[in-house]
Amino acid sequence: MSAKLEISFSKSAKPNGGLAILLKTAEADRAAGAEAVDPAGVIPKAARIARFSAKSMGGLDIVAPEGAPVERIVVIGLGKAAELTAHDWLKAGGAAASRIKNTDKAAVFIDVPGLETSARAAADFALGMLLRAYSFDTYKTKKGDEEEKPAKSVKVTIVTADPGGAKKAFSDSEAIAGGVNLARDLVNEPPNVLGPVEFAAKAKELEKLGVEVEILTEREMRRFGMGALLGVAQGSVRPPRLAVMQWKGGKGKDRPVAFIGKGVVFDTGGISIKPAAGMEDMKGDMGGAAAVTGLMHVLASRKAAVNAVGIIGLVENMPDGNAQRPGDIVTSMSGQTIEVINTDAEGRLVLCDALWYCNDRFKPQFMINLATLTGAIVVALGNVHAGLFSNDDQLSAQLTAAGLSSNEKLWRMPLGREYDKLIDSKFADMKNTGGRQAGSITAAHFLKRFVQDTPWAHLDIAGTAMGSPQDEINQSWGSGFGVRLLDELVRAHYES
């Protein structure tokens, strides 16, 4: 359960009890708001004793400060003002939120002397607080010691020179936080709770925000000829679903932008079963579908001026007497046939039918698919960057820039004819894996065979969507990676 932060903005504040959070750059001679909360000059003395130098995201915590109108003062360092980035404001907000304990109110002074703090920076700071406040403890019956429990609701007043502008910018920040935390919830849910049908129901809830949602059942998918997706699902007693979400915020004549997500709610590997160790993490194999759902939440919540389509293929990959076998040949919606070499290379089978359906029905400006697709991308890039594969240089450049802006970083990987031929099959049009070498690249080439000439990008988020390093704005196993990245892409280039 996330601690609920009730955030407001004000030009001034008279703290009376509770917590005061101040910011300080390395160059500033004092922290923001020091005059209001530290009449006795406790902060400089405490900083000297603690050797606090205001390095980036460093903290100084003063309990029961002498002569202060508050019970506690926290100073967050911003580092050198000249090196401060937009993402640093998110990190500072996260660092501040991590200090909120055992209080029901906090005043945050962010206008550092000598540093111009924009309304956008104030909103980013608030967004960082919301992202850090998230936690997932729905299934814990023992919450720990009472003194460690955060208040159920904390009133946070952010003091800044332009509270009106900050409040306006914060409306978008709230939408983003809602989308990221929705994606985190979906990835964190246990697989016995979140199956394909239940996931589709979560997508259906976006209708409350104005998203048009259709749920295709096995019957409709069979009619469309989605043999690749259905082959993955046939070993599970839980039926597959394809959720089609449309946000119509642009002009009627505008072609939509499209996002497609892999939604394998649990992946045993099927007949090509995975090793037991760590298999519990495969509840997160729907991180791509979670990101697409979270993105559609953001676009609708902030009333984005764009037409957008989100499509998620939802299946469970299980071993069973009816499960797909290595050596089976299936026919995709495109009519192309696929020899199944390894039933654990299942995500691409789900995506290929979803991509073809999307392209055929909506004729989008571009298609971007997200998937926790290969362990090979984790070997190549670790969990710092997601892999980017694309047939379009402009879309690739836009995504890379959006990744740098949002700090959800991408690294472009190669494509080429030499790799593509590795998935040619002796018995069908292609096989679903080219072997261990260049595994993430051959997986991308498999998907590329289903996009035709439409600008397309494939984001392999296996290393970033789950189990990625915790930082100032994310303490969750499911990170929600991709939501902020793609919202930034749409905001920067595709809104009318």
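UniProt positions are given here in the numbering of this structure, with feature names shortened, and such annotations may be inferred rather than shown by experiment. The structure is a predicted model, in which local features need pLDDT of at least 70 and side-chain atom pairs count only at pLDDT 80 or more, while totals for chains, interfaces and linings use all residues. Residues are numbered from 1 along each chain as its sequence is written, and side-chain values use heavy atoms, with hydrogens and water left out.

In an unreviewed entry, UniProt lists Lys-274 and Arg-348 under "active site".

Lys-274 sits in the loop that runs between strand 9 (257-267) and helix 9 (287-301), where helices (H or I, at least four residues) and strands (E, at least two) are DSSP runs numbered from the N terminus. Leaving aside neighbours within four places in sequence, Lys-274 is in contact, meaning heavy atoms within 4.5 Å, with residues including Asp-267, Met-282 and Asp-344.

Arg-348 belongs to helix 10 (residues 347-362), and because its relative accessibility is 6%, Arg-348 counts as buried, a term for values under 20% relative accessible area (1.4 Å probe, protein chains only). Beyond its neighbours within four places in sequence, Arg-348 is in contact with several residues, among them Leu-373, Asn-432 and Phe-446.

Turning to the cysteines, a search of the whole structure finds zero disulfides, a disulfide being a pair of cysteine sulfur atoms within 2.5 Å. The sulfur of Cys-352 has its closest cysteine sulfur in Cys-358, 13 Å away, and this is too far for a bond. Cys-352 counts as buried because its relative accessibility is 0%, and Cys-358, at 0% relative accessibility, also counts as buried.

Terms used. Buried < 20%, exposed > 50% of the residue type's maximum accessible area, 1.4 Å probe, protein only.
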